[in-house]
Amino acid sequence: SRTQKFSIPEKGSPKCRCLTATELATDALNGEGIDEVGESANLDTYGVGCQFHDLMSSACQQDCPLNSPLVDCDRSWCNYAWCYVDPHSCDLQHTKSVWFTSSNRYFSYATCRYPDV
């Protein structure tokens, strides 16, 4: 029996394409989110194309605080590919960035074939 491999679309779904680095360059981050993504993250390419952008982020590398509810320790999203999308031309589920709140960045796991969490 053959096992079919799950492929991740580099530019997202045609219903909700990933934004390019050039498109994101117009939306300044002003140093926001560094604590979460980590100082070594390249903010010029963070969120560009369907990739596992958060896998090595500070937020995903932290241990859960002792006595914290299990739901607060869910790190499944760390292993999901995603990208930034234009909310006005995305027909799939997308969410406003919680790390870059003053920006106009929206991300989608769905365009990269992952469940939105």
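Reply: Start with C50 and C112: both of them are buried. Keep in mind that this model is predicted.
Me: What do C50 and C112 form?
Reply: They form a disulfide, with the sulfur atoms 2.0 Å apart. The torsion about the S-S bond is about -85°, so this disulfide is left-handed. C50 sits in the loop between α2 and α3, and C112 in the segment after β5. That puts them 62 residues apart.
Me: How many disulfides does the count come to?
Reply: The count comes to 3 disulfides.
Me: OK, which residue does a disulfide join to C18?
Reply: C83, with an S to S distance of 2.1 Å.
Me: Is C83 buried or exposed?
Reply: Buried, because its relative accessible area is 0% and the cut-off for buried is under 20%. C18 counts as buried too, at 5% relative accessibility.
Me: Switching to C16. What is its partner?
Reply: C90, and their sulfur atoms are 1.9 Å apart. The link is left-handed, with -95° about the S-S bond.
Me: Where are C16 and C90 in the chain?
Reply: C16 is in strand β2, and C90 is in the loop between β3 and β4. They are 74 residues apart, so the pair links distant parts of the chain.
Me: And what is the relative accessibility of C16?
Reply: C16 is at 0%, so it counts as buried. C90 is buried as well, with a relative accessible area of 8%.

Technical notes:
Residues numbered from 1 in each chain as written. Predicted model: local features only at pLDDT ≥ 70, side-chain atom pairs only at ≥ 80, totals over all residues. Heavy atoms only, no water. Disulfide = S-S within 2.5 Å. Helix = DSSP H or I, 4+ residues; strand = E, 2+ residues; numbered from the N terminus. Buried < 20%, exposed > 50% of the residue type's maximum accessible area, 1.4 Å probe, protein only.
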